[in-house]
Structure formats: C-alpha cells, structure tokens
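Hi,

Here is the structure I promised to pass on. Have a look at it first, and then read on for what turned up.

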Amino acid sequence: MADTKSVRICGMMKTTLLDFPGKVACTLFLAGCNMRCPFCHNPRVVYGNDEIINTEDVFSFLKKRRGILDGVCITGGEPTLYGDPLITFIKEIKELGYLVKLDTNGTSPSLLRSLIDMRLLDYVAMDVKSALTEEAYTRACGVSVDIQKIKESISLLKEGKTDFEFRTTVVLPLHTKEDIILAAKELEGGKRYFLQSFVDSGELISTDNEFLAMPKEEMEAAAREASLYIPTSVRGI
C-alpha cells in the first residue's frame, strides 16, 4: 500500500443509498476545511476534532465489501486540501474496483482537473455556496474566497469529462431568491443543479445566529426560475 497516512479520515458511513446517485456506496469524511460556513452542521469535521480512523482499517473494510458496494464517496470538510496525497488515496480505492464520487467546494480547480484527467473520478458534486460575488460568497462561507477559482472549477465540470452536479444549501437569512438565480446563470450549460433545504443539526459552526430553511413554496419558485438556465430541482423538503 502506498503511503496514504497524510489523508486524515475522521468518519465513515459504511453504507449509503443517498450520497452517490444510483449507487450503493460508503462515505469517507476527510478532516479539515478552508471554509467556515456559519450554517455548517459538522464543525468537528471542519476543525478536524473527530478521532482519526486508521487508513489501513478503511482499506481492509473496502476489500471485504468488494462486490457489495459500488462506490466510495469522498467528502469533508474539503478533500482537495490534501493535494497529491488525495490522488494517491483515490488511486488505491480505484484499484479495488470502486467508483469514486468527490464532494468539493471548488477552491482547488488545478487538483480537480488532475483528478478528472487521470480518470480517477466518476462523479463530482460541487457546492456552489451562493451567487458568485465576493460579498455573497463571503457571507455564505464565513471567509474570503477567490471567486475566480470557483468559476474555473465550474467551467471545468461543464466540459463534461466526468458526471457531476452543482448544489446549493439554501439558508435564511444568508441567501435570497436573487442569489440562487444569479448562481444559476453562472451554472448555465451544466447538467443539473440541486437546491438543498437547510436542516439545523443542533451543532453548527456559528452559535450566534438563527438560521432557517427557506419555505417550500419559495424554494420551488426559485428552482423554476433557475431552470431557465440549468435544470434545477429541490432536495430535502
């Protein structure tokens, strides 16, 4: 086994029918994130405070589940923070015969391109945090973000070299209908866009704000208007 110890796995869902569209999969949570979205429901993963799982134990599990599981979802936090070790990690998963889905916030387009060009990804889910403006993204992410890198990742996925989706978790008061429409315009030419309803887990990064889900009718209206630019539907309501 190549050295994959620098990839820190802080959680594993052994079976999921939801995370990888159309596949039976397991989900691996990689510790650490470069964003601090105030509505994030998993701060222990973001800050890397959860107990780290031995990588060898994970691969032992994956070897035993060959023929039962179709794929592996790699999520975070933000997996692309690991750089080249992530490439090595995914290569080893692919060598076991698994399909791989990557969740990313799109801040590392160069690494994303490398993974796609090396045919290591079968599906990518990119979180589009808000309208692609500095103000809207900073509000949604809790940190300053290089919008050009986000746009580069969007353009890369729209090349269609791997299957993909865009998605936005809609949170009041951080998002407006106008934010969603502006994001959809940037995503025009993409395959699919999902609006996800915010759910308060009770353990958010920000404890100073009251966040709410957008009402169902407003979400559906936003999805209809966004569909003028990219096929859009609502999840979680």
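Which residues lie nearest the centre of the largest pocket? They are His 41, Asp 127, Arg 167, Thr 169 and Gln 196, out of a lining of 39 residues. Before going further, please note that this is a predicted model, in which local features need pLDDT of at least 70 and side-chain atom pairs count only at pLDDT 80 or more, while totals for chains, interfaces and linings use all residues. Residues are numbered from 1 along each chain as its sequence is written, and side-chain values use heavy atoms, with hydrogens and water left out.

A pocket here is an open set of points on a 1 Å grid over the protein atoms alone, where a 1.4 Å probe fits, with protein on both sides within 12 Å along at least five of seven lines; lining residues have an atom within 4 Å of a point. The largest pocket has a volume of about 1,200 Å³, taken as the space filled by probe spheres set on the points, which are joined across faces, edges and corners. Strand 6 (163-172) gives the largest share of the lining, four residues. Strands are DSSP runs of E, at least two residues, numbered from the N terminus.

Now the cysteines: with a disulfide defined as a pair of cysteine sulfur atoms within 2.5 Å, the count is zero. The sulfur closest to that of Cys 40 belongs to Cys 37 and is 6.4 Å away, too far for a bond. Cys 141 is in no disulfide either, with the sulfur of Cys 37 at 4.6 Å.

Best wishes
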